[in-house]
Amino acid sequence: MLLILVMGLIFFISLYCFYQVSKYKIIDDYPGPTPLELLKFVLLPKSTVDSYKFFVSLNNKYGPVVKIWIKPFKPTLLVSDEKFIKHILLSKEHVNKASLFELLEAFIGNGLPIMSDINLWRQERKTISHVFNNQFNIDYISTIKTHAIKLRDAINENLNQPVDLQMLLLRHGLNIVYEILLNEDISNQDDRVNRYSTALKTFFEVYFDRINSPLKMNDNIFKLTNNYKIWNKCSEEATEFIESTLKTVVELKNKSPNESFRKDFIDLLLESGLSYDRILAHLRTFVVAVIICSCYIILVFNYFLKGSDTVSAATGFALYELAKQPELQEKIFQEYISIVGFDEKVFAEFRDIQQMSFADCVMKESLRLYPPVPFIFRTLIKPAEIDDKVLPGDIDVTFSIIGSHYLNFEDPTKFKPERFLPENSTKIPANAYLPFSLGPRDCIGKIVAVAEVKFLISYIVRHFTLHPINDHKADIAGEVVLTSKNGLPVIFKRRIIE
Ligand code: HEM
């Protein structure tokens, strides 16, 4: 009897393997590492720096489309190929993200980046795009200005000694975006921010533990574990962090509505017709997923935040590279002075930021060489025909933004902002530059992000000169948001203006 059972089991497993391998046969046409290489990578202990190097090396070694397949499991493709970008990223149909994201919903809310109900996503994406693109109404720049002054004061306290840009910028980046989105200045609320960050860190420990175990991925089994209670508690903390602010702001607005021409983000969300619960869900997601980098908040002893968010990462990497090239700092300084003038009390306005064309090149080059979101994911919802090959309709495709930024640019590892000058940028192949992704599910916050990064870079260079630390080489790791494991140290000196 036992023998029959075992034989039956072997038969069904073989049948399953045969089915899987024939279903995804077409994937074998693409080059990629052998299953043994992949198994070695999966099983051997590795740091996030090693993982990042491994995935970046795959496109360099095998080209723009790489198969990652341990048979008989489902394969995935790692791509930075223009045709895939056009057929999948730019398509209105393939907007689904990999199912791993759904697990995050409990904690970070069912906001845009996570939403799996695609009809609802389409509807709300339209509404929220309208709010985000309404830059003429929302006064982002005053908020950025206030915090830029605080950042300048913090730098002034640390002149002439090594300062880690990641540590310096993270909290300021969070304060800025929190205030833009929720109208609240949290710069003096360390206890509250730290409680939230602890919840965030714990949540992601449980998350990674969960996604590494097929058993715990099952909801019913997970509910029996101790981690389930921890997961729920973290989720409540996260909701509380945003909701307490949102409640107060909405109550205040109900008492005295904002009649002025200048609206803020919440005014526009309330006017958009979204329900209170949906607004809360979106704000929760924005704050967790976008502002604080999802999985890399580490609380180091005395509640110091270490980590990275997308905007701080972009600003930090740009400043780190500028420290190595004083002539680029000089160009940014001259451009700033020619547009804003010498008066320290006068700040750049939104239209000034738009005119800063060299700061724009520096920002773009920083996002090319160090894209804060180096990989993005899509799940095909139906077969896709690319290059005469029909890809099965359920595979995951990982787009390597960093891969495209390396394969399509000359001298890709060099920081050269001049590639983005108008006379050179025509050489950039279509769709090859995509730090904010492309297509219907691209970054909704890019206008805010670009304004903030350019404002901060030019404002800091206006007030200080930056100097490199000899021989420091950043150990880059792709931990949801790109980060340097050994920091981004530079030395600030006060700028002497004659
Ligand atoms: C330099 C800074 C930033 C970079 C490089 C960046 C990059 C990205 C990328 C690559 C995506 C696409 C993800 C995907 O396709 O799976 C994305 C999506 C998104 N980003 Fe950003 N982002 C930045 C800043 C921001 C900011 C400041 C906000 C909001 C305040 C924001 C809000 C969003 C949202 C809501 C989505 C999801 C859109 C959707 O799924 O419909 N981002 N971002």
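Trainee: How many cavities of 30 Å³ or more does the count come to?

Mentor: Good place to start, and keep in mind that this is a predicted model. A cavity here is a set of points where a 1.4 Å probe fits but cannot get out. By this rule, the count of cavities of 30 Å³ or more comes to four.

Trainee: Which elements give two or more residues to the lining of the largest cavity?

Mentor: The largest cavity holds about 40 Å³ of space. Its lining is made up of Arg192, Arg195, Tyr196, Glu237, Glu240 and Phe241. By class, that lining has two nonpolar, no polar and four charged residues. The elements giving two or more residues to it are helix 9 (190-211) and helix 11 (226-255).

Trainee: Now for the second largest pocket: which helix gives the most to its lining?

Mentor: That pocket has about 480 Å³ of space. Of its 19 lining residues, Tyr370, Tyr406, Lys473, Ala474 and Ile476 are the closest to the centre. At least two lining residues each come from helix 3 (48-62), helix 14 (310-324) and helix 18 (401-407). With four residues, the one that gives the most is helix 3.

Trainee: And how do the residues of that pocket's lining divide by class?

Mentor: Tyr counts as nonpolar in this scheme, as do Ala and Ile, while Lys counts as charged. For the lining of the second largest pocket, the division is eleven nonpolar, two polar and six charged.

Trainee: Let's turn to helix packing. Are helix 7 and helix 8 roughly parallel or roughly antiparallel to each other?

Mentor: Helix 7 (residues 140-156) and helix 8 (residues 165-182) pack at about 160°, and their axes are 9 Å apart. Angles over 145 degrees count as roughly antiparallel. Therefore helix 7 and helix 8 are, to each other, roughly antiparallel.

Trainee: How are helix 8 and helix 20 set to each other?

Mentor: Helix 8 and helix 20 (residues 446-463) pack at an angle of about 140°, with axes 12 Å apart. Roughly antiparallel needs an angle over 145 degrees. Helix 8 and helix 20 are therefore oblique.

Trainee: Is the crossing of helix 8 and helix 20 left-handed or right-handed?

Mentor: Gly173, Ile176, Val177 and Ile180 of helix 8 make the contact with Val448, Glu452 and Leu456 of helix 20. Where helix 8 passes helix 20, the crossing is right-handed.

Terms used: Residues are numbered from 1 along each chain as its sequence is written. This is a predicted model: local features need pLDDT of at least 70, side-chain atom pairs count only at pLDDT 80 or more; totals for chains, interfaces and linings use all residues. Side-chain values use heavy atoms; hydrogens and water are left out. On a 1 Å grid over the protein atoms alone, a cavity is a set of points where a 1.4 Å probe fits but cannot get out, and a pocket is an open set with protein on both sides within 12 Å along at least five of seven lines; lining residues have an atom within 4 Å of a point. Grid points are joined across faces, edges and corners, and a volume is the space filled by probe spheres set on the points. Axes are lines fitted to C-alpha atoms, for helices over the stretch in contact, and angles run from 0 to 180 degrees between N-to-C directions. Angles under 35 degrees count as roughly parallel, over 145 as roughly antiparallel, 65 to 115 as roughly perpendicular and the rest as oblique. A crossing is left-handed if the near helix is turned anticlockwise from the far one by less than a right angle, and right-handed if clockwise. Contact means heavy atoms within 4.5 Å.
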